[in-house]
Amino acid sequence: MSDSSKKIEVIVDRVLRSLEESKEDIISIVDNAEKELNDIKNELESIKVRVNTIIDEVEELEKRDRSARYRLMVISKDFNRYGEEDIKNAYDEAKDIQIKLMMKKQEEKILIENRNELERRLKKQDELLERARHLYKNVDIAFKFLRDSLNNINTQLVNFQNREELIFHVLRAQEDERQKMERDLHDGPVQDIANLLYKVEICQRLINKDIGQALEELEGLKKAIKQCIKDLRGIIYELKPHGLSELGFISALKTYISDFEMETGINTEMMVFGIETRLDDEIEIALFRIAQECLSNIKKHSRAKNACVRCEFTSSGVSLVIEDDGVGFDTDIVNNPIKGHYGLLGIRERVALLQGRCDINSSSNGTKISINIPLYDGEFKNGEN
């Protein structure tokens, strides 16, 4: 086995171990959530029993209070019949019962507040447990998929003849993994569907109470479902843009830019220079993903009004330049990416795999990302590496 194969094998092992540890952590979270849920249920049942008991005690004291006040009234009206000691005893008894009643009512109020709080906690804990179980299911799917995919890559590495074949294979594997992972794990639609379920519950509660408000909620639910379907279709398009394989990188990118401009309102121009040439699938996919990531960053972070995408074909290679007039960013983030911001680093890695060059310049006047991929008769140039 070559050094490259051994290194890949180590990486595969580390990735699988990391995912296995993540599964164990999530199992621990699920177990703790279940224990907490059961504890809350037990505590809630106990406090419900105490609430019922205290309600009975309050009712009994209220009866005694009415009886004591009535007796005190009777004695007070007939001093000649009852002595001073009888009046004092009747007054003390009525006062004692009132004090006990007041204390029991206060205890009842506190218990009911505690019961209501526990019911709220129980609902939140049940939702947390459901999310944890769903997360474990998704991680388990990802683990099985990656284990099979990465082991398959590791097995086939032995038969690779040169570094170019390895690059193409890794790019294909990355693309396949991206499609599978985003299909199974993308949490946007999951959250939307969870919100839809919550709205359905609201409608169920309102249907017999306020039909007008229930209809309003249903109208909002219909709009939310339409938006969810739209988002899902958008994700499907993001995973595999229509026409990329059939029509080529330029046609697919023009369609994507047209949709991007319509969605964002950012004036986006595309220019193509040289003789448009169909490239290997791996190169076209990489260039499309790079442009996609750049435009996504423009949408999310730049606050730009205008953007431009330029692609040029020459005898020595292909170049892609994406510019905007936004607020810019600190380019140190490329070399030291913070959590959740790996897009630019991913662009550089894709370009490096294609033996290309990536230049990123940004200021308060805008950002310019230049990509150059060397070609030789439509193929990679043979580099020293």
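Student: Which residues does Asp65 touch, not counting residues up to four places away in sequence?

Tutor: Contact means heavy atoms within 4.5 Å. By that rule Asp65 touches Ala94, Ile97, Gln98 and Leu101. The model is predicted, so local features need pLDDT of at least 70 and side-chain atom pairs count only at pLDDT 80 or more, while totals for chains, interfaces and linings use all residues. Residues are numbered from 1 along each chain as its sequence is written, and side-chain values use heavy atoms, with hydrogens and water left out.

Student: Is Asp65 buried or exposed?

Tutor: Buried means under 20% relative accessible area, exposed over 50%, and partly exposed in between, with a 1.4 Å probe and protein chains only. Asp65 has a relative accessible area of 7%, so Asp65 is buried. Its place is in helix α1, residues 3–77; helices are DSSP runs of H or I with at least four residues, strands are runs of E with at least two, and both are numbered from the N terminus.

Student: Which residues touch the most other members in the largest nonpolar core?

Tutor: A nonpolar core is a set of buried Ala, Val, Leu, Ile, Met, Phe, Trp, Tyr and Cys residues joined through side-chain atoms within 4.5 Å. Here the largest has 38 residues, and Phe249, Leu320 and Ile371 touch the most other members. Helix α8 gives the most to this core, with 10 residues.

Student: What does Leu320 touch?

Tutor: Leaving out residues up to four places away in sequence, the contacts of Leu320 include Phe249, Leu287, Val309 and Ile371.
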